Amino acid sequence: MTKGSCSSLPEFEGVSARESSGQSLARASVGIARHASRLGLVLGVLALFSAPVVGHGGPGLNSEPVETPTWLFLLTGGGVIAVSFLLTSFVTDRATLEGYHERRLSLPGTEALRTWGSRLVALVGVAGFAAIVAVGFLGPDAANRNLAVLLVWVVWWAGFTASVYLFGNSWPALDPFRSLTRLLPADGRIDLPDWVGTWPSTAGLLLLVWLEVVSDVASDPGQLTVIVLVYAAATVLGSFVVGRRAWVQQVDPIAHVFRVYGRVAPIQRTDDGLELVVPGAALAARKTGTAVADGGELENAAGDEAETTQALAVSEVGFIVALLWVTSFDGFVATATWRDIVVPLAEAGFPPRLAYFGALMLGYATFLAAYWWASKLVRRTGQTFLSTPTIAIAFAPALVPIAAGYHLAHYLPYFLRYLPAAVGATLSPLSPGELLVLSLPGWFGMVGPVAVLLGHVLGVWVAHSRAFELFTGKLQPIRSQYPFVLVMVVYTGVSLWLLAQPAVEIGLL
Amino acid sequence: MPNPTHSDRSSRPEAPRGHPTYEYAVDSDADYCPTCGQPFRTDHLLTLHRGERHPETLDEAEQEHYDEVRDEEDEQLFIFHLKVVAAITLVTFVFIYSYTFVWL
């Protein structure tokens, strides 16, 4: 029997974060087929193959939710990824691949929308920031009734992040921290050297996740508000020291997360407004739209586009892998397996916070090493002289949809359940009355695995397209993918396993 | 400092925007493309590359050789696809069996 898990999300009192879920991946396959377009061929065939299984557990034949043993559930997940790779190997025409990703629809009237919309949205952002600070200090102490906690964790971290990879990145407009720094001069006191790349944002991301896991920031409004204020202060100080642009591009972890997720989305920014692209196109295409106005290109002090150096590109790989790792880590620290590791350590006298930090860094190092090893192996299977860093850099964008899929799996049920509470708290922040929590139907448990699988399938597709850019002929690009597919199959299994674990309370911190 | 994206090798494979120029680590005998200098492990791959990216530099004989190599590749691809279909069939069978007999 498999159950959904909600990791280290705020545990609201009296509400179970767990849900029993009917895990029928066969039914999931049919769902995937319904929502694919170009991928419809790939996934439609998959659905065909699963039809006999749907017949077995379909409506009318079996009235109870169908539950799969874990091993079968994981095997199916891995199998879907392997099969989707095999199916993409039938798409070998270069013109088709390039044409698919370069299809763009320029949206009319969006230049004005961007100008005015971003001003409005910036106001909303600042208002939200003020509300969080005010209600965090003055509002009720219970997490599930405090607007600050609900705004930050439900509306922003769950809901807004999903909107970024599903629709488009609106953070540059919404970002209240950036709005705060608009009064500062654009240039900083020091120039960050090239080799620094975006490593500071990776360090920032790891630090934020560690903090979220070891402190009560997820449930204590006071602590949350303090962290938010500290972040604001750091932003102002940092922007003053290194310059606004360098801060956002290289140091700010939050802006970087949204910038990366935004590349999965169908709506992208251009010089004159917005354009619609195929999902994943901004990850795979040779020429991504035009200037990603507020954060795609690094500029040096003179405002000229700096060349993308290998140091910078490698640091970007480091960030993307970190993003993937922290989504898994978030799930991992709420499992019984982790409890069985950390509790004995704590009882032996080892400080738990350090244990969490150690696990975070060890896991990150493992993920990075695994990705780098796979990239190195591509030199052999793809028969290429391209250097390992070049390969790693070229294929890193394919990892982003995987992180997005996992995020959606984890946070969509959570977001929907607490959205009514968030709305209620907005209407009466300081003394909210009875707040509603949505109870989701059983079949909703299927959303998780479907999201994870969709993310992986999109990742396979993006990697496939990239391979055709890098390599020649038709067999070389396909063979070059073997190491990545292997890693992805293993990672899918791990992700699905994490998703299926019941959430465990580890009362050490 | 010379900008590596404007190298004198005019038809160097163009890296995607935001990607630094492709780097190569040559650790064994390589065949180099006469036009752009990119190294290849086999002559087969070099021929395919030249036909794809620098078709205008090929003479008659080289064009014929490219056509031959491409045909050979198409044949190999067909056989590969047969194996893929077999693999998909096997995987499907394993799942159908598992869901039908092992699980239920």
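In what order do the elements of chain B run from the N terminus on? The order is β-β-α-α, that is, 2 helices and 2 strands. Helices (H or I, at least four residues) and strands (E, at least two) are DSSP runs, numbered from the N terminus.

The model is predicted, with local features needing pLDDT of at least 70 and side-chain atom pairs pLDDT 80 or more, while totals for chains, interfaces and linings use all residues. Residues are numbered from 1 along each chain as its sequence is written, chains are lettered from A and ligands numbered from 1 in the order written, and side-chain values use heavy atoms, without hydrogens and water.

**Chain B**
- Chain B has 104 residues, 34% of them buried (under 20% relative accessible area, 1.4 Å probe, protein chains only).
- Its accessible surface is about 6,400 Å² (Shrake-Rupley method, 1.4 Å probe), and carbon and sulfur atoms hold 56% of that surface.
- Among contacts in chain B (heavy atoms within 4.5 Å) with a separation of 6 or more, 16% join residues 24 or more positions apart.

**Helices 3 and 21 of chain A**
- Helix 3 (residues 70-88) of chain A packs against helix 21 (residues 482-500) of chain A at about 150 degrees, with the axes 9 Å apart.
- The two helices are therefore roughly antiparallel (angles over 145 degrees).
- Residues of helix 3 of chain A in this contact include Phe73(A) and Gly77(A), and those of helix 21 of chain A include Val489(A) and Trp497(A).
- The contact residues comprise 12 nonpolar, 5 polar and no charged, with Gly counted as polar.

Note on methods
Buried < 20%, exposed > 50% of the residue type's maximum accessible area, 1.4 Å probe, protein only. Axes fitted to C-alpha atoms, helices over the stretch in contact; angles between N-to-C directions. Parallel < 35°, antiparallel > 145°, perpendicular 65-115°, else oblique.
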